[in-house]
Amino acid sequence: MKTQKPQILQILYEQDFYAWVEQTTEILKSRKWEILDLENLIEEVVDLGKSQQRALQSALRLILSHLLKWKYQPEKRSNSWRITITRERLNLDELFTESPSLRRFLNDAEWINTTYQRARKEAMVETGLSADNFPIVCPFVADEILDLDFYPHSEE
């Protein structure tokens, strides 16, 4: 029976994910390690980490695209942009409180650049401005991005 239980859990994983989670939780609580569906459990733990990183990247991209719009299209500034920037900064603060190790991505130039390029493209599409209007390299440092009171001045 020990070899069949993980097989049953694997089928459950494919057919009813939530039921698989409930079963796996009960197995973990009862410390019945030998009947765990380790393959899928490992996959889900890895996905949890990726999900956290995607949440960080999504919030950061939104902040950056709105800061770009704020700086390079000052005549269209709105309270809506300010609300989005503030909300996403607060989301990042919560994320860093829950997972402080995610802060290391803010020091990774390649990771920041990838996120910035996506935000830049998003800002170009939303504003109708060309790529020439936005810097190729992120004009904001991490402290500015996270600062609840920072809003860039427009280009003169």
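Start with the cluster: Tyr13, Phe17 and Trp20 form one aromatic cluster. Rings of Phe, Tyr and Trp (its six-membered ring) pair if their centres lie within 6.5 Å; planes under 30 degrees apart count as stacked, over 60 as edge-to-face and the rest as tilted.

A word on the source. This is a predicted model, where local features need pLDDT of at least 70, side-chain atom pairs count only at pLDDT 80 or more, and totals for chains, interfaces and linings use all residues. Residues are numbered from 1 along each chain as its sequence is written, and side-chain values use heavy atoms, with hydrogens and water left out.

There are seven aromatic pairs in the structure. In one of them, Phe17 and Trp20, the ring centres are 5.6 Å apart and the planes at 25°, so this pair is stacked. Trp20 is buried at 3% relative accessibility, while Phe17 is partly exposed at 40%; buried means under 20% relative accessible area, exposed over 50%, partly exposed in between, with a 1.4 Å probe and protein chains only.

Phe140 and Phe150 are edge-to-face, because their planes stand at 70° with the centres 6.1 Å apart. Phe140 is buried at 6%, and Phe150 is buried at 18%.

Now the core, meaning buried Ala, Val, Leu, Ile, Met, Phe, Trp, Tyr and Cys residues joined through side-chain atoms within 4.5 Å. The largest nonpolar core has 29 residues, and Phe140 is among those with the most contacts inside it, as are Leu56 and Leu60.
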